[in-house]
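Open the structure in your viewer and keep the selection panel at hand. The stops below go one element at a time.

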Amino acid sequence: MIIQDYFMPDNQSSNIMPPENLKELSRLLTDLVKTIKIVSVYPENNPLPVKLKESFSERFINLITENSGLLLKINRDEIRYQNEVVHKDKSEDEPLAQTFHNSGITEISFSRQFNFDSANIFFKTMKAFVNREAGAGDLVALLWQSDIPGFDYCTVEDTILREFDGGMMVQESSLNDSGFFKNSDSGSIVYSNIFIDDNSSAVTNDLKGTGKSSGLIGSGAFNPNVDAVAEKQMGFMPAPPRPGKSLPDTALILNDAFQMADSDKDKAEAFLLDDAQFDMHRSTINLLNEIILSEDNPNEFNDTLVTIEKVQSEYLREGQLNIAGEILDNLVMVRGRLSKTHPQWQEKITAALTMAGSKEKLENVVPALNRRSDLTGETIESYLNHFGWEALSAVTGILGELEHHHHREAVCRYLSRSGQEHIDIIARGVFDRRWFVVRNSVTILANIGGEKAMSYLTKALGHDDARVRLQVIRGLSEKNKGADLIARLVWDKDEVVRQAAMEALYKMDKEELLNAITNIINDERFVSLGTAEQENLLISYSRLAGEQAVAYLTNFISKWGVTRNQAEEFYQEAAFKALGNNLSEKAEKVLLKFNHSWNKKLRRLASSALAYRRQLKYGGN
Amino acid sequence: MEPVRLEKERLEMAGREEHEMINLLFILFKTAQYVDANNSGYLTQSAKYCVAFRRMADAQGKISIKVIDGRIFVCDKLVRFDSDGMVRAKSITDQWHQLGIGGIVFDDSLDNRQIDKFVHLLATLKINESNREQVVQRLIDLGIEGVTLLAVEDNSHKPILTEERRVLLRRTARANFFRAISVVEDVMVRAAQDKEIDLGKAKRVVHSLIDQLTEDETSLIELTSIRDFDEYTYAHSTNVCVYALTIGVRLGLDKNRLSQLGFSALFHDIGKIKLPGDLIRKPDAYDENDWLQMQRHPILGAKTILRNMRHDYHTARAAVTAFEHHINEDLTGYPVLRKKESTNLFSKIIAIADSFDAMSSGRVYIKKAISPDEVLRKMMYQMTVKFDAFILKLFVNIIGIYPAGTLLLLSTDELAVVAANNAGDLSRPQVRILGNRSGPYAQPININLSLGENDNRKIIRIIDPAQYNIDIKNIILSDKYI
């Protein structure tokens, strides 16, 4: 865009801005940086950017009005008003001058037409550019499209254009005194030749007949039959012969034929409405299909395949997984169609499809996914479903790079589903140096379950990072599997992990839990657990094991002696509580027996346990 | 050289206020055509319009709305509509036109009640039974004093550009045109080397052409008549771009789509860069094998665009257009479509622009130029089969039967170059008379052949500059012949 004069203050070159206004301009440009930053980060209707925009615009428009416009020169890292530096980029994060400069903008100007609406459009444009919204990579193109009232800019191209002398074409040609005649070798002027052959009767007749133009248009100088083959190849069918003397002349025929009718207005509307529906993705996919299906030369076919791969990669980079997936679907369709005509080309498509799931390709998608939290897990899963087991390693690889939780979940779901037969590939993640990759692999392995997966999970039990060990517990707990593995974490050095393991165990199915608790109780480290944990474990054991637990618990009570210590007393009391939770007949008999004991304390504990048991079993006495 | 700047006299583009005011007025007109003045919907629209009107009137005094050559100006600023707005505006201004009204000037003293009365009067008139004079009388009867109705004639003969301004615009047009050629060349050379292409330059040059066309399309169209730039298709591509954009502007495409159309046109033939140089440069007529090769260029073009340019709306459109621009309206042509669906609007436009330029320039396929009228005659006979009839009509209505830059011999033994087309009479353009049998005039004479005063000057025939050793480049490029 070339800066328009009406945007400029009438006499800006001599118009000296008062120092206080210069300072205000400088402050405004600093505020502009902040405002662009805030506007870019926050949603449009958030009160913070709205307020900032309003206050900035008010001050800025006042200054423009007071100064009758503003013309700012852009340098690499500074902005000048006349010869004064009014803004200098302070950091790389907020490069106002650089943003314009790198886009090739050398001047920006604001006229008195610049108003609040203009400011809003300006900020919207800058936001699109700063956030690199789709198709918003070129600031100059964006500003042009935005058509901001009262704002204009000048680019390097404009400057070149100003200096670009279209007239050089004139200099190249040989101007002579006659002005528009080429110098012929003979030096003779050929102007009169033009009139030599125009004395045909047709001219005269037509002039008399119509009173308008002659019927000789296109004749004389041109041969209408030239390149007949070319015309045919271009799709032109032979036109009727030129009109003779008795027919109206060509110009009149054309004049009538090309007059617009009232109904043409509807056609324009229909075209505009139809064109507004143009879907760039759909049309690109259709185009790629048309191209590949029209190929009959192996080199061209390969070339087209490379083109398709390039386009597909671009869609991936933009995070357009649905479209990228559709391109792959189409390749599968094309592969099917080629089975009869070019079976040898099918392999190339298969190779291309495999390549689409390669590490290199899938890594392309990561930045886009991290940029776009709006992409759903279903979309990601749906895209990954295009790939076979060959992609499992690459998919596992990207797992650690994804920033959004729901994206990681989706990949985990995919790997859990697709990796069941290829656990060795997926389990590589367990040995990754990054804790979060290990954690994700743990999730997947826990989802898959089975002996092989459990063997890899065992390796994760000793991982340095507690978050990995916690994930083992969570993963297994969710799937109600691997209680024995969780039980091992009951002895973890980290209390949070121990606690989580214990809680997870209690949520497990009866059988899984019983085995696990039995192992814990039988472990020599059982006594090292907290008393509450031990008591809970004994109670759970008693509940789950039923009459099988009675003998074991009775043993704690019968160990009573004169020199009974505090620990033994704890176990005695815990054993009674555990028996109180045991609904077997055998437990009741044991408790009744102790209820008649000569030992007052045993009687009291047994009575209390019986009461609790009845409460549990019958809801009261 | 003086820097080329579009300065004070530049055709100003309407701002947001003008857009808002005119859109609200047209909505109000539409509403008034269906409901009476007491309807709540009408009252809401009326209130909105009056606020916008008052704001503008307070700032600018009188508000003028003029329809000139189908374009709408508010306070002498050109208004660009989106597609919906354009449809609405056109249906209303067409009615005005039928009444003989070429524009309306509102006085700032006009109050809300008078606005309502006026809008209802105009919206409910029986168009076929009324004319401007009757409307003026009705305004007087109703006591509406602040509205002046301009006659269609007032605007149609009013020059938009001064001659001084036109000189400036022609210079800018030249700079933009040649810059476009050089950008096409840059891009094609990079494409030939299979390098990635920066689209920024190309988009910007298209934007410059659009800016230029919005104000003055003639200066660019006449540059398309220069035919001898290159053996490849750089100038041809630029010509097609200019033609396509003029059609797009008339069709009412918004800025964004115009940008995509221009870009598509600029690179519709990019596939030719992948063809053997010998084929492109071949001086003789193509044989069957040559044609088979040549017919690969749409596919090669689409692939080149998809492969060497970053994928976005511009390139997606350009790829489709490159692929489809030789597919006919009846879906014959090449490449052969697997899925028989109508071609894209851009492809229809570019197919017409491309065929016209290719045949009239005599460089691309046809080895000898055909006169523009003969090309149009050939194209006319292909309407509906090869080309979309409506777009072809639109195209001819823009460039005329004798496009700007065409050399003509007149019945007065004068040599003239076409300056601009007359939409009302495509066979009688505006011309610049360069000289007569005795030699060139010291200063060219500008005349409009469609005016009665020039009835003595008939067009005898088109002159092929090459045949008579006339350097059309000098005529078109030199300021002397403006």
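Select residues 435-448 of chain A, helix α21. At 1.5 Å a residue, its 14 residues should span 20 Å, and the end C-alpha atoms are 20 Å apart, so the two agree. The expected span is 1.5 Å times one less than the number of residues. Helices (H or I, at least four residues) and strands (E, at least two) are DSSP runs, numbered from the N terminus.

This is a predicted model: local features need pLDDT of at least 70, side-chain atom pairs count only at pLDDT 80 or more, and totals for chains, interfaces and linings use all residues. Residues are numbered from 1 along each chain as its sequence is written, chains are lettered from A and ligands numbered from 1 in the order in which they are written, and side-chain values use heavy atoms, leaving out hydrogens and water.

Stay on α21(A) and colour by burial. Ten of its 14 residues are buried (under 20% relative accessible area, 1.4 Å probe, protein chains only). Among them are A:Val437, A:Val438, A:Asn440, A:Ile444 and A:Leu445. Now show the cover: it includes α18 (392-399), α19 (405-418), α20 (423-426), α22 (450-461) and α23 (466-479) of chain A.

Next, select residues 495-506 of chain A, helix α25. Twelve residues at 1.5 Å each should span 16 Å; the end C-alpha atoms are 17 Å apart, which agrees. What caps the N-terminal end of α25(A)? Show A:Asp494: a side-chain oxygen lies 2.8 Å from the backbone nitrogen of A:Val496.

The buried residues of α25(A) are A:Val497, A:Ala500, A:Ala501, A:Met502, A:Ala504 and A:Leu505. Their cover includes α23, α24 (483-488), α26 (510-522) and α27 (531-545) of chain A.

Now colour chain A by pLDDT, the predictor's confidence in each residue, from 0 to 100. The chain mean is 80, and 79% of residues reach 70 or more. Select residues 183-191 of chain A: pLDDT is below 50, with 16 contacts beyond near neighbours in sequence (contact: heavy atoms within 4.5 Å). Over residues 196-226 of chain A, pLDDT is also below 50, and the model has 71 such contacts.

Last, switch to chain B. Chain B has 19 helices and ten strands. Of its 482 residues, 66% are buried.

Key
Buried means under 20% relative accessible area, exposed over 50%, partly exposed in between (1.4 Å probe, protein chains only). A polar contact is a pair of N or O atoms within 3.5 Å; within protein, one must be able to donate a hydrogen and the other to accept it, and residues adjacent in sequence count only if both atoms are side-chain atoms.
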